[in-house]
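Please take a look at the fold shown here. The text below walks through its sheets, its helices and the surroundings of its ligand.

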Amino acid sequence: MKILIVGGGIAGLSSAIALQDDGHDITIVETLEDWKPAGAGLHLPGNAIEALRALGIDQDVAAKSSAFPRLDYYDHHDRKLFALETEQLCWPTFQALTRSEFHEILCAKLITPTIRFGLSVSAIDHDADQTKVSFTDGTSSSFDLVVGADGINSTVRRLAFGTEHVPQPTGYICWRWITDYPFGLTAPKFVIGHGQVILVMPVGGNRFYIYASTYDPGERIRNLPPSELSAHFARFDGPIRDMLSTIKPDTPIHEGRLQQMVMPEWVAGRVALIGDAAHGTLPTMAQGATQSIKDGLALANALRTHADIKTALADWQAARLPEAHWVQQQSLKRMAFAKISGKAGVWLRNTLMRKIGPKIVATGFQPLIDGKAGTRKN
Ligand SMILES: Cc1cc2nc3c(=O)[nH]c(=O)nc-3n(C[C@H](O)[C@H](O)[C@H](O)COP(=O)(O)OP(=O)(O)OC[C@H]3O[C@@H](n4cnc5c(N)ncnc54)[C@H](O)[C@@H]3O)c2cc1C
């Protein structure tokens, strides 16, 4: 089968790896001139392990990651709210690494696909038997299958599904970077303040991934210079305050607004959307990478199982969509804790978290670990 994958992010590369051993002729087009993975760190909760193993990268990921025995939750005065003991629950290992290392691992597994950088698609014409794709360099070609793995602002989605499907704003703005500030942590630390959250995550080699967010539904904050982040998060005490004061004007920090993309259908003719193009979600449960990898694995499996491509794509969507939609709903619901500000609201939330925090977090991950997320029982 002649397959075009648009986008060389986690979804595009994972699907190419999953498909490459089945004799397909695969081309990946990537709009960037070279690999430049966006973001800073990547948290891979326990349910990622099975997907990483199926893709053949679990050992490589483990070698580059920090592995965690628990998740710690604190208030902004650096007082512990609760811990979720993932190791004691006998869950598969929660781990994290840098985005660039994860990307290198994926790239090293790519063998047969052709990669064309600095190229995108400009038109997609459906046909019963093939899909004709025009490229931004003026050339065109026909494919048996086009996989839209071009992220939350997907061009494939616009060209093949229509302009009405656009990502929805969620009101959160975030900043992400890697620091070597000596936190000395062995587990991720989620620190929750007044409409703000800061996560400190070990990512191997004495480095820490920082994710800092603010609820800003009016979108008043834009292009905050690194030197102003310390003042912006001034309510945080303890090591976080000290770390923020070490930020330099040239510290590479990614700013972005969090969006969500809910698509009722992921298939149009011979075009399939995967990863964030199909189900971009809030990072609350750190599921984006795992869900993207599972899309690719399931797609390869469906194409192996069914000779007819329409049946394969319908089967693939039915297998993947319920869990991905469940993740989106849960992530949005759970992120609401991060909106709360004001003395009374924060006191109430923190009191609640001290009492039932572990249960709230556990009921998010358990269905994913059991493979039951999105089924009728949830
Ligand atoms: C703040 C934040 C924190 C997150 N933290 C985590 C986490 O800890 N763990 C986790 O699992 N997930 C996390 N996620 C989610 C995760 O990053 C995404 O789900 C995942 O990267 C999706 O991969 P993708 O390949 O679908 O999209 P992308 O990563 O966006 O990749 C798309 C690729 O397509 C390319 N492209 C775009 N347009 C075109 C085009 N027109 N033509 C050709 N190429 C194109 C891009 O250059 C890019 O290489 C987080 C997301 C955010 C926003």
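What follows goes from the sheets to the helix packing and then to the ligand.

This is a predicted model. Begin with the seven-stranded sheet. Its strands form an open sheet in the order E6-E5-E14-E15-E16-E13-E17. The pairing is mixed. Strand E6 (80–84) and E17 stand at the edges. Each has a single partner strand, so one side of each lacks a neighbour in the sheet. On average, neighbouring strands here are turned by 20° against each other, direction ignored.

Strands of a sheet pair through backbone hydrogen bonds, and the pairing can be parallel or antiparallel. E5 and E6 run antiparallel and are joined by four bridges. Tyr73 stands opposite Phe82 in E6. The hairpin of E5 and E6 has four residues between the strands. In that hairpin, Asp78 takes a positive phi near 65°. A helix covers this part of the sheet. Helix H11 (residues 343–370) lies across strand E5 (71–75) and E6. H11 runs at about 15° to E6.

Now move to the other end of the order. E13 pairs with strand E16 (residues 208–215) in the antiparallel sense, over eight bridges. Tyr172 stands opposite Tyr215 in E16. E13 also pairs with E17, again antiparallel, over six bridges. Here Gln168 stands opposite Gln260 in E17.

Turn next to the three-stranded sheet. This open sheet has the order E3-E7-E4, and its pairing is antiparallel. E3 and strand E4 (66–68) stand at the edges. Each of them has a single partner strand, so one side of each is left without a neighbour in the sheet. The twist averages 20° from one strand to the next. E3 and strand E7 (residues 94–98) run antiparallel, joined by four bridges. Leu42 stands opposite Leu97 in E7. Helix H4 (residues 99–109) lies across E3 and E7. H4 runs at about 90° to E7.

In a regular strand, side chains alternate between the two faces of the sheet.

Now the helices. Helix H9 packs against both H2 and H10. Take H2 to begin with. Helix H2 (residues 48–55) and helix H9 (residues 288–305) pack at an angle of about 40°, with their axes 9 Å apart. That makes H2 oblique to H9. H2 passes H9 in a left-handed crossing. From H2, the contact uses Ala48, Ala51, Ala54 and Leu55. From H9, it uses Ala289, Thr290, Ile293, Lys294 and Leu297. By class, the contact of H2 with H9 has seven nonpolar residues, one polar and one charged.

What is the angle between H9 and helix H10 (residues 309–335)? They pack at about 160°, and their axes are 8 Å apart. H9 and H10 are therefore roughly antiparallel to each other. H9 passes H10 in a right-handed crossing. H9 contributes Gln291, Lys294, Asp295, Ala298, Leu299, Ala302, Leu303 and Thr305 to the contact. H10 contributes Ala312, Asp315, Trp316, Ala319, Arg320, Ala324 and Val327. The residues of the contact of H9 with H10 divide into nine nonpolar, two polar and four charged.

How many residues surround the ligand? There are 33. The closest are Gly7, Gly9, Gly151, Gly275 and Gly288. By class, the shell around the ligand has 13 nonpolar, 16 polar and four charged residues.

Strand E3 (41–44), strand E13 (168–179), strand E17 (254–260) and H9 each supply at least two residues. So do helix H1 (10–19), strand E2 (25–30) and helix H8 (276–279). Which element gives the most to the shell around the ligand? H9 does, with four residues.

Notes. Residues numbered from 1 in each chain as written. Predicted model: local features only at pLDDT ≥ 70, side-chain atom pairs only at ≥ 80, totals over all residues. Axes fitted to C-alpha atoms, helices over the stretch in contact; angles between N-to-C directions. Parallel < 35°, antiparallel > 145°, perpendicular 65-115°, else oblique. Left-handed = near helix turned anticlockwise from the far one by under 90°. Contact = placed C-beta atoms within 7 Å. Nonpolar A, V, L, I, M, F, W, Y, C, P; charged D, E, K, R; others polar. Near = placed C-beta within 6 Å. Pairing = 2+ DSSP bridges.
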